[in-house]
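Subject: Structure for you to look at

Hello,

Here is the structure I promised to pass on. Please open it and keep it in view while you read.

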Amino acid sequence: MTVSPVSAPYRGAPGTASALLLENIHPLAVDVLGRAGVSVQQRPGALSESELMEALPGVKLLGIRSTTHVTEKVLDAAPDLEAIGAFCIGTNQIDLEAAAARGVAVFNAPFSNTRSVVELVISEVIALTRQLTVFDSALHAGVWQKSAAGSHEVRGRTLGIIGYGNIGSQLSVVAEALGMRVVFYDTAEKLAMGNAVRLSSMEEVLTVADAVTLHVDGRAGNGGLFGAEQFAAMKPGAIFLNLSRGFVVDHGALRDHLVSGHLAGAAVDVFASEPRRNGDPFDSRLRGLPNTILTPHVGGSTEEAQEDIGRFVAGKLRDYAAHGSTSLAVNLPQVITDAGHGTRLGHLHQNVPGVLATVNSVLAQHGVNIVGQSLTTRGQLGYVVTDVASTLDSGVLDALAAMPETVRLRVLS
């Protein structure tokens, strides 16, 4: 990441913050922010790049889910923006480097909907293994079609998990409790839960698993991770699930292996291109296939998960706006703060030697006494939070903002 000082570092002053929440974020988020004095606007659907650029002037806090994309162009059009809350797990819809370079903090909810996704995976594994979609469709068509052929218990069968993070590891535990054997692969070294076995490659997982489920992140390198070669390597009669990212799977190749009968079923919750609003048309090469479950990106969409996400992410936005805490920020150095006393400065800067000494020298030259200070660095960025005993005049703020290393300066009460 290349970090350059912005042409006019933002010098925020205490006052009413404004927030824009998109994509039907849980009402609890509005309550959390509103009780902190934040003025909140809500819009039900996602916004396009041009719509977002038009909506953001004057907005300090932005809340989105997975469909709205915050690009560098959007960030350039939003000089007032201080923080973005991704009310979901993934942050690949946000240009994190561009946000960091402009001093915009990004927060997400890495744990809140884990259980909801796990339960959906388990339910779909059972439904596909028992061919429930086939039986359901037949009865709705008025045909009695009772048979045990091709239906199995999940007990004793092997679940292969690709991606053993928060979701994959919890899924491992629940699947094992159902009597499944669990194997997994992750590019990073991960501690196996229970009796799960880490295999040396994804290909090894595919050759032994009766059900393969993807739980990888949204990094660009995962694009096209699963295609014709990987489907061909799966066991005949296996089932496939993707509740991670839409762009990691070739849906044309998946269709071919379902139509040929090589795969017995599939469940897909995420798509490379998804409608922005409820009621918009949807199309996919997977529509109409038997024993194929298609869901509209609802892996984490339970009332329990959305309430927890609303509370958690809104709390992170509130704390950053009110007292500069970057705890669990995904793109900035993490400084954990309390409400503080007196006046607080949040100084985001290039991580080069001597910045802290310069900040303190400027304060000393203006007769400002420091009562508390915290500094953390992350890559090419540093973030220092300084509490002072007195109000700050424009001279000291101008001097700090004019430092060549300054990326963004915020004044907090």
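Below is what was found in it, from the whole chain down to single residues.

First, the ground rules. This is a predicted model, in which local features need pLDDT of at least 70, side-chain atom pairs count only at pLDDT 80 or more, and totals for chains, interfaces and linings use all residues. Residues are numbered from 1 along each chain as its sequence is written, and side-chain values use heavy atoms, with hydrogens and water left out.

**Confidence**
pLDDT is the predictor's confidence in each residue, from 0 to 100. Its mean over the chain is 94, and 96% of the residues reach 70 or more. Treat residues 4-8 with care: pLDDT stays under 50 there. The model has nine contacts for that stretch beyond four places in sequence (contact means heavy atoms within 4.5 Å).

**The whole chain**
There are 13 helices and 17 strands. Both are DSSP runs, numbered from the N terminus: helices are H or I with at least four residues, strands are E with at least two. The C-alpha trace spans about 85 × 45 × 30 Å along its principal axes. Of the 413 residues, 52% count as buried. Buried means under 20% relative accessible area, exposed means over 50%, and partly exposed is in between (1.4 Å probe, protein chains only).

**The seven-stranded sheet**
Look for an open sheet with the order β9-β8-β7-β10-β11-β12-β13 and parallel pairing. β9 (197-198) and β13 stand at its edges with a single partner strand each, so one side of each has no neighbour in the sheet. Two strands pair if DSSP finds at least two bridges between them. β7 (residues 158-162) and β10 (residues 211-214) are joined by four bridges. In this pair, Leu-159 stands opposite Ala-211.

**Helix α10**
Which parts of the structure do the buried residues of α10 pack against? They pack against α9 (228-233), β11 (238-242), β12 (263-268) and β13 (292-294). The helix covers residues 251-259, and its buried residues include His-251, Leu-254 and Leu-258. At its start, a side-chain oxygen of Asp-250 comes to within 2.9 Å of the backbone nitrogen of Gly-252. Just after the helix, Gly-261 has a positive phi of about 90°.

β2 (residues 18-21) pairs with β3 (residues 39-42) in the parallel sense, over four bridges. Ser-18 stands opposite Ser-39.

Is Thr-133 buried or exposed? It is buried, at a relative accessible area of 19%. Thr-133 sits in helix α6 (residues 132-140). Among the residues it touches are Asn-291 and Ile-293. Val-106 is in strand β6 (residues 105-107). Val-106 is buried too, at 0% relative accessibility. Its contacts include Ile-84, Leu-96 and Val-330. The C-alpha atoms of Val-106 and Ile-293 are separated by 33 Å.

UniProt, in an unreviewed entry, lists residues 344-413 as "domain: ACT". Such annotations may be inferred rather than shown by experiment; positions follow the numbering used here, and feature names are shortened. In the model this span is 27% helix and 44% strand, and its end C-alpha atoms lie 6 Å apart.

Best wishes

Key:
A polar contact is a pair of N or O atoms within 3.5 Å; within protein, one must be able to donate a hydrogen and the other to accept it, and residues adjacent in sequence count only if both atoms are side-chain atoms.
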